[in-house]
Every structure is written in structure tokens, then in C-alpha cells.
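Welcome! Here is a short tour for anyone meeting this structure for the first time. Have a look at it below, then read on.

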Amino acid sequence: MKRRDFLRTGIGAGLISGALPLFGGLDSINGQPVKTEYDLAAVRGGNGGDMFDRAIEAIGGISKYVKAGQKVVVKPNIGWDAPPERAANTNPEVVARIVKRCKEAGASEVYVFDNTCNKWDRCYRNSGIEDAVKEAGGKMIPGNTESFYKEVEIPNGKSLKKAKVHKMILESDVFINVPVMKHHSSTRISLAMKNLMGVVWDRKFYHSNDLHQCIADFCTFKKPDLNIIDGYNMMTKNGPRGVSVADVTNLKALIASPDIVAADAAATKMFGLQPSEIGHIGIAHEMKLGNMNLEELSISKQKMV
Amino acid sequence: MNYKKLKQTRVILSLLFFILTTSLFLDIYEKYANETVHEILFLQFIPSLLQFIQTFAIGTIGFIIVIGLTAFIGRIYCSTICPLGILQDVFAWLAKKRSQARFFYKKKKAYPILRYSLLAITIISLIISFSTIISLLDPYSNFGRFVTYLFRPVVVVLNNGIAMLLNKFEVYSLNPVKLVAAPWFMLIFSILIFLTIAFMSYKRGRLFCNTVCPVGTFLGLISKVSFLKIRFDEDNCTKCGKCIGACKSECIDLKLYTVDHSRCVDCFNCLAVCNDSALKLTSKPPKANTNTSRRNAITTGIALLVGQKLLAESNPSNDTSKLLVNKKEHPVSPPGSISIKRFNEICTGCGLCVAVCPTQVLQPAVGQYGLKGFMQPHMDYVDGGYCNFDCRGCGQICPTGAILPIEIEEKQITQLGKAVFVKENCVVYTDGTDCGACSEHCPTKAVNMIPYEGKLLIPEVDQSICIGCGACEHPCPIDAPYKAIYVNGNAVHQAAEKPKEEEQTSAPVEEDFPF
């Protein structure tokens with residue numbers, strides 16, 4: 001009798017411990033909150049593409065966000081006519097890996113665009129993003145054609161009541177926002193929420209009608225399904241264009257979250273700043289567009305070697 | 001010699017030069033390498049002459065080669081190389097085609113007083129550097145203006161229309177191209193000159209080339225003593241008159257068996273049409289039609305030009321009572337022009353830099369430089385754009401050397417003007433909200449943001465590192481002439497300091513995950 005009990009208990013314990021990875025892995029053993037997936041994932045130490053793979057795994061895997069047959073729009077920062085090492089634009093490898101994974105998940109098309117600040121063909125080309133996207137099987141769409149933008153109402157906006165939004169944002173099934181982590185002379189930092197200024201036609205309106213409020217207002221209209229903040233190279237000063245590579249540090253970081261406010265809050269802290277110090281993050285949190293109180297969220301932290 | 005083949009060769013060469021030259025101005029997808037431009041424009045007379053006067057470089061001897069060619073065979077330049085001449089041949093050909101007359105042209109007399117006076121005025125203008133006369137009379141510059149301000153907009157509108165159509169089918173091989181409307185005055189002026197020259201050539205062939213064009217008159221003097229000339233073999237001549245009927249310069253006299261070599265443009269029409277071998281190229285001592293469809297075409301063309309200009313003018317009105325008007329003491333001349341005075345003396349307003357500029361910031365001036373700079377390009381930071389920090393295109397392609405081909409390192413410290421911040425106009429001051437569009441775009445961060453009243457940031461300009469590129473003025477959301485930051489042009493370009501060499505930055509926070 002005792003041996004049967006011992007065997008039963010032993011086999012049961014063995015099965016349970018072997019199955020632990022299904023229940024949150026080592027973290028559960030360490031006493032961390034047991035979660036199947038996290039609210040936000042942060043990765044350090046790898047190259048851009050690999051860090052994305054690690055991060056997306058932690059927040060549910062790409063198939064949580066992209067289903068077979070869907071049209072995906074990926075919106076990186078391609079605003080400036082600068083090479084990748086200047087970190088004025090998103091790292092092309094990160095964008096390429098995202099496109100690749102979306103196609104593997106069965107996306108029918110993956111579109112990539114930005115309403116650039118400098119001349120669009122130079123930005124697309126010199127950022128390295130155009131070639132990287134094409135190689136990964138995505139389609140670059142021009143972003144500087146006014147007729148591609150349709151006017152929409154933003155009834156919940158306090159300052160931004162209407163805007164012309166790029167049709168890819170309006171027509172696609174999945175919206176993936178991929179900003180680069182950088183300093184910005186107007187808003188102090190340029191992250192996920194600021195990156196959305198590249199999907200509207202008239203940015204001048206934002207600048208002359210309470211910039212921070214407009215940035216938050218846009219999120220009342222539409223929020224990305226997924227935000228990937230590329231910090232492989234981070235511009236720490238003289239943003240958003242940067243003056244030289246002396247402004248850039250090879251930070252090797254990446255932050256991913258479906259919550260745009262949380263993603264911005266985490267990335268802001270990497271600048272040594274508090275999210276409440278940044279106008280549009282505080283406003284978006286007040287407007288309940290997301291959560292900037294990171295202690296209330298479950299965060300996956302991975303360090304790659 | 002087979003003169004029919006000679007004429008054919010002339011026609012093919014002329015089309016080659018015409019198409020290559022025109023394509024430079026219509027390169028809306030920026031396919032041409034800037035170096036190729038000089039190769040194509042090498043033989044254009046006045047640009048080459050102007051460059052030579054300044055630099056005496058071997059690459060500028062095109063006009064000397066033309067003079068040599070003329071001394072050998074006559075005014076072949078006018079029929080093969082000069083794009084305005086070839087354009088006039090197109091109108092003349094159209095006129096001849098639609099005419100029922102057996103003999104289209106007639107012998108007409110020359111206008112020596114008119115053409116030699118104009119030549120004298122041109123030479124004097126060259127000596128005293130009064131470029132306006134040269135700009136107005138130079139055939140290359142006139143042609144350049146037609147293509148840049150009249151043809152190119154039509155090409156862009158067509159391109160944009162087709163691109164939109166293709167984009168609907170997700171084909172992105174063509175894309176819409178930005179078009180900045182030229183000032184009204186330029187459009188009307190260009191149209192008037194175009195119609196005048198078109199009319200002159202339609203009715204009277206090469207009349208412009210033989211009465212107005214100083215290059216034609218000058219080469220005509222050399223042509224009088226050229227080695228090879230078109231002469232009559234009087235024994236063979238049957239006085240059928242076909243040669244006169246084909247002569248675009250109206251310079252063949254059958255009574256005296258002479259060809260006026262100062263007016264002959266070596267088109268070889270007469271040689272090709274004569275069946276009796278009475279004309280030889282040798283060194284020994286010869287309507288009004290009312291076609292409504294063409295009217296429609298011209299009207300549509302003008303309407304397209306005017307239409308795109310009208311569409312560009314739609315300014316919503318704001319309350320500007322408390323704002324200060326921008327005080328611009330000088331306009332801004334392109335990088336490489338060295339000084340406004342020097343630029344005005346050399347530039348002939350051909351419009352090539354306007355056509356080629358990737359940001360379309362170069363636009364023709366009407367009154368900005370005064371009369372001496374009429375039609376010459378200036379940097380239009382309000383409607384045009386701003387100067388791309390990494391570009392030196394205008395200097396590379398300028399055919400007269402008015403804009404010098406300075407290296408990119410020099411261009412990036414050439415101060416075209418100084419940025420001036422007007423706090424009273426700035427939204428940070430008037431509305432208490434953040435903006436910073438100016439500093440965003442500044443390539444040297446001469447425009448920097450400093451703390452202001454609580455948590456706001458307001459611009460501050462360090463003029464010592466400002467290069468006057470206009471990247472601040474253009475995106476400022478306040479409309480002109482009340483911009484909160486604008487560039488005051490330097491009459492003589494200065495050298496800006498390089499932005500301070502900064503130490504390589506590092507991660508702001510030590511922790512891997514500061515949250």
C-alpha cells in the first residue's frame with residue numbers, strides 16, 4: 001500500500017513539475033505572478049530582430065495579433081533622410097523581422113508606410129527600410145500622397161476633432177506601430193504615441209493647437225493593436241533628426257505591448273524620465289487610453305546574451 | 001555628296017541634342033547623375049562662355065569649340081545644338097506641313113541695324129555684368145524657362161494623374177511628384193515669350209535667330225568667312241525656286257545666286273531639295289489657319305498651368321492683429337552662389353536648378369532681387385521647402401557657374417542667412433502649448449529648445465552655427481508673413497561654425513530594466 005501511494009505521489013509530482021512550463025515556467029517556481037502572457041515585454045542585449053522574437057513570445061505570440069488572411073499595416077518611423085546608425089528612423093532589421101513574422105502567421109499583405117518629414121523617396125531608401133521590407137515580402141506604400149488620406153471625425157478628441165488619416169490605417173485588419181526610441185526637441189521623447197503623427201496628413205495642426213493634447217486625442221480614434229518600441233539604437237539627444245552618430249548609443253533594447261501608454265511609460269523610464277513628466281503620456285493616462293502605472297502591470301524582462 | 005543623307009544626319013543629331021537637353025529639365029524622378037548634366041550642356045554657347053569667363057577651366061571651352069565649328073562649316077550650332085533653334089524648327093515644320101503653298105518661304109531681307117545693335121548691347125552687358133539682358137536674349141535660358149515653367153508642370157500633372165490611377169491598382173512604379181506653382185508673373189511672362197517665338201517661327205522660320213538672338217548674330221559674323229559654305233553652281237541651276245521655298249532663314253537670292261551666310265543656319269534643307277545639283281556645300285568660290293483643336297490644346301495647357309497655380313492659393317484667414325511681420329533684409333540665394341551681387345551678375349535664369357532641386361525650394365524671383373535678379377532663383381522657404389542638408393545638386397548642375405559646385409562639407413557650413421526667432425508670433429508664447437517644429441528639422445540644432453514658463457519648451461537660436469537652410473521657417477505652423485521663425489538672407493554668404501563636436505553619448509540609465 002505504501003509503495004503504491006509513493007509511486008502515485010511520485011509520478012504525479014513528476015508530471016506536474018514537468019508540466020510547469022505550461023503554467024508560467026520558472027517564474028511560477030520563483031514565486032512570480034503566474035501568467036500565460038504579459039502586459040508588456042522588455043528585452044535587452046540581442047540584435048533587433050531576435051529581441052522582437054523574444055518579446056512577441058512573451059505577450060502572446062504573433063498569431064495572437066495576426067490571423068491568416070488578414071491585411072497588416074506596419075508603421076515604423078521613416079521620417080528622416082538618415083542612415084540606420086543615426087537612429088532617426090526605426091532599425092530596418094526590426095521592421096523586416098516583424099514583416100516576416102506577419103507573413104509567416106498568414107497575413108495576406110503587409111503594408112509599410114510613413115508620412116515622412118524629409119523627401120519621402122530619400123527617407124524610404126536611405127533608412128534601409130525600403131530594401132529590408134521588400135526582401136521580407138512586405139509592400140512599401142508612398143506616404144506623402146494627399147489623396148491617400150481620408151478625413152475622419154474624432155468626436156472624443158479635446159483639441160483634435162478631425163484629421164485626414166492614411167487609408168492603410170483605415171482599411172487594414174491589423175495595425176502594428178513600430179517607433180524608434182529617441183529624444184525629441186518638442187515633446188522631449190518620441191515613442192509610440194508620437195509615432196502616430198506619421199499616419200495623419202496635417203501635422204501643422206498639432207503643432208499650433210496644443211501638441212501634447214492632439215497626440216493623445218488621436219488615440220481616442222484608433223489605437224494600434226501592437227506597439228514595438230525599437231531601442232536597438234537609441235538617440236539620446238538632439239532628436240528627432242539628430243546631428244551626428246555622437247547622439248546615438250547602441251542600447252540593444254526593445255519594448256513590446258498592446259497598451260500604447262504602458263509601452264511609452266516603460267520606454268520613457270529608459271531615458272531616466274518619469275512618464276508623468278511627458279505631456280501626452282499623462283494626458284492619455286487621464287483619458288483612460290492606457291495605463292502608465294507600470295507597477296500595476298505584469299512585465300516580462302528578458303536579458304539575451 | 002549625298003545631301004539628302006546630310007540633312008537626315010542633321011535632323012537626327014538635332015533631335016538627339018533636343019531630347020537630351022529637354023530631359024534634363026523634366027527629370028522628375030531624379031534619375032540623372034548630376035555630372036551628366038554638364039556633359040549634355042557642354043556645347044551650349046552662353047552658359048559655357050559665362051563659366052569660362054569665371055574659371056578658365058578646360059571643362060568650359062564648349063563655346064570655343066562651337067566657334068571653331070562655325071569657322072569650319074557655318075552656323076551648324078543653330079540647327080543641331082541650340083534647343084531653342086530646334087524648337088523653332090518644330091513650329092516651322094508644322095506651318096509648312098499645314099500649308100498648301102508649293103513654295104513656303106520667300107527671300108526676305110535682313111535687319112542688320114536691329115541685330116547688330118542687340119549684339120552690341122549683349123556684349124556691353126557681358127562686360128559690365130548686367131545679366132538681365134543676357135537672361136532675356138540667351139536662347140538656352142529662354143528654352144530652359146519654357147521647359148521648367150511651362151512644360152514641366154504639365155508633365156508633373158500628367159505623371160500625378162497616371163500615378164494615382166496606377167496606385168488604385170496597387171502598382172507603385174509611378175508616384176505623385178510635388179509641384180510648387182511659380183509666381184504668376186513668371187508664368188505669364190514665360191507664356192508671352194513662348195507665344196512670341198512660336199509665332200515668329202511659325203510665320204517666318206528662323207526670324208528670331210537672325211534678328212534677336214545675339215549668339216546667332218555673333219556666329220553669323222564668323223559664318224561669313226567659314227571654310228565650307230553653301231554655294232550655287234550657276235551652270236546647273238534651273239531657277240526652279242525650290243531652294244528658296246525650303247529656306248527657313250529666307251536668305252537665298254536667286255537673282256544674284258547668293259546665300260546670305262550670316263543668316264544661313266546650316267539646316268541643309270536647300271541642299272536636300274535641289275534636284276539639279278545647283279547647290280553645294282563647298283570651299284570653292286552659292287493664315288491664317290483657324291484650327292480649333294490646336295487652340296484647345298494651347299488653352300488646356302494654359303488652363304492646367306493656371307489651374308495648378310489657383311489650387312495652390314487657398315489661405316484660411318486667422319487673426320493676425322497682434323503678430324509681427326517678418327523683416328527680411330535680403331532674399332536667400334542658393335548655396336554656392338557666394339553673394340547675391342555676384343549671383344545676379346552671372347545667372348541667366350535658365351531654370352535648370354529650379355527643375356532639378358529635390359525639395360523644390362528654389363523658385364524664380366520676381367521682385368525679391370529687384371530688376372537685376374528678375375527670373376533668377378531664390379530660396380523660397382515659405383511655399384517651396386527647405387534646403388536638404390545632404391544635397392549639393394544646384395551647384396553641380398548650374399551651367400553658367402552662377403552657383404559654384406562647392407563640396408558637401410563646405411555647403412554644410414555655408415551660411416545663406418540667419419534664423420531669427422520672433423517670440424511674439426510663437427504658439428508657445430501666445431497659447432502656452434508646446435510646438436518645436438522648427439527645432440525638430442534643424443540639421444545643426446542651431447535652433448534649440450530651452451525651458452520656458454513651467455514645463456514648456458521654447459526655441460532659442462544660436463546664429464553662429466545657423467546655415468540659413470530654412471528647415472525652421474518652412475514647418476513653422478504660423479502662416480507667412482507672420483512666421484515665428486524666419487531666415488534673414490545674407491547679402492554675402494558667411495562661413496558658419498561647425499556645431500560643437502559632441503562626445504559620444506551613452507545609455508541614460510544604468511539599469512537594464514528601470515521599471
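## Around S439(B)

Apart from residues up to four places away in sequence, S439(B) has contacts with S185(A), V447(B), N448(B), M449(B) and P459(B). Keep in mind as you explore that this is a predicted model.

S439(B) sits in helix 21 of chain B, which covers residues 437-441. Is S439(B) buried or exposed? It counts as buried, because 29 C-beta neighbours lie inside 10 Å and the cut-off for a buried residue is 20 or more. For a sense of distance, the C-alpha atom of S439(B) is 31 Å from that of F515(B), a residue 76 places apart from it along the chain.

## Domains of chain B

Chain B is assigned two stretches, 3-138 and 203-282, as domain 1, while domain 2 is 413-497. Taken over C-alpha atoms, the centres of domain 1 and domain 2 of chain B are 51 Å apart.

## The nonpolar core

The largest nonpolar core has 219 residues, and V95(A) and L254(A) are the ones touching the most other members. Helix 12 of chain A (residues 260-269) contributes the most to this core, giving seven residues.

## Where the chains meet

How many residues does each chain bring to the contact? Chain A gives 38 residues and chain B gives 37 residues. On the side of chain A that touches chain B, the elements giving two or more residues include strand 1 (40-44), helix 11 (211-221) and helix 12. By class, this side of chain A has 14 nonpolar, 13 polar and 11 charged residues.

Technical notes
Residues numbered from 1 in each chain as written. Chains lettered and ligands numbered in written order. Predicted model: local features only at pLDDT ≥ 70, side-chain atom pairs only at ≥ 80, totals over all residues. Core = buried A, V, L, I, M, F, W, Y, C linked by C-beta atoms within 7 Å. Buried ≥ 20, exposed ≤ 12 C-beta atoms within 10 Å, placed from the backbone. Helix = DSSP H or I, 4+ residues; strand = E, 2+ residues; numbered from the N terminus. Contact = placed C-beta atoms within 7 Å. Nonpolar A, V, L, I, M, F, W, Y, C, P; charged D, E, K, R; others polar. Domains from an automatic or database assignment.
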